[in-house]
Amino acid sequence: MMTLYDRVGGEAAAQRLVHGFYARARLDPQLSPVFAQAAGGDPGRWWAQHLPKMVRFWITVAGGPASYHGAPVAAHDGLGLVAAHFDAWLALWAQVLQKQLPPDCAAELYGRAARMRTVIERHVAGQPLPTPEAYRRAEAGHA
């Protein structure tokens, strides 16, 4: 059975998705200040490191080679993220996915992002993380 990584088009697709998303996010009034804060005093260097890292992250998330090694939840600490940031992130991600992928692949990758949102949003708010059973119930529409 082909992985989602294979179905979306592998590394080339991950490159297009990540670069397409961040091109929009850097212009988004809700998200661009967060990225400017994360980039600190050397945005060129930060973006040069961040984009390849995010490509590796999404390759791994999609079931490709496990090339990402990091702490994606903790990476969002101290950025002042609130629900509106997560809403904007998912909305932009959905636009990029819908533009670049077949509907079934877009929906599957969006679902993975939505689950990440829950984990990261709860973490930055200091709330306990949902159990695997809670995820299964939510995906089945029994939240």
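Because the model is predicted, local features are taken up where pLDDT is at least 70 and side-chain atom pairs count only at pLDDT 80 or more, whereas totals for chains, interfaces and linings use all residues. Residues are numbered from 1 along each chain as its sequence is written, and side-chain values use heavy atoms, with hydrogens and water left out.

H2 has 16 residues and reaches 22 Å from its first C-alpha to its last, which is close to the expected 22 Å at 1.5 Å a residue, the expected span being 1.5 Å times one less than the number of residues. Which residues of H2 are buried? They are Gly10, Ala13, Ala14, Leu17, Val18, Phe21, Tyr22 and Ala25, where buried means under 20% relative accessible area, exposed means over 50%, and partly exposed lies in between, with a 1.4 Å probe and protein chains only. Seen down the axis of H2, these buried residues fall within an arc of 150°, so they line one face of the helix; the arc is that of the directions from the helix axis to the C-beta atoms. That buried set packs against H1, helix H3 (32-39), helix H4 (43-61), H5 and H6, with contact meaning heavy atoms within 4.5 Å.

The structure holds 10 aromatic pairs, and here rings of Phe, Tyr and Trp (its six-membered ring) pair if their centres lie within 6.5 Å, counting as stacked with planes under 30 degrees apart, edge-to-face over 60, and tilted for the rest. Because Phe21 lies in H2 and Trp93 in helix H5 (residues 83-100), the pair ties together parts that are 72 residues apart in sequence. Phe21 is buried at 2% relative accessibility, and Trp93 is buried as well, at 1%. Both belong to one aromatic cluster, which also takes in Tyr22, Phe35, Trp46, Trp47, Phe57, Trp58 and Tyr68. Over the face of Trp47 lies Arg26, at 4.2 Å from the ring centre; for this, NZ of Lys or CZ of Arg must be within 6 Å of the ring centre and within 35 degrees of the ring normal.

How many salt bridges does the structure hold? There are 4, each a side-chain nitrogen of Lys or Arg within 4 Å of a carboxyl oxygen of Asp or Glu. In one of them, the side chains of Arg7 and Glu108 meet at 2.4 Å, N to O. This pair links distant parts of the chain, with Arg7 in helix H1 (residues 4-8) and Glu108 in helix H6 (residues 103-124), 101 residues apart. Glu108 also meets Arg112 in a salt bridge, at 2.8 Å, and these two both lie in H6, 4 residues apart, about one turn of the helix.

Arg117 and Asp87 form another salt bridge, at 2.8 Å. Arg117 lies in H6 and Asp87 in H5, so this pair ties together parts that are 30 residues apart in sequence. Arg117 is buried at 14%, whereas Asp87 is partly exposed at 41%.
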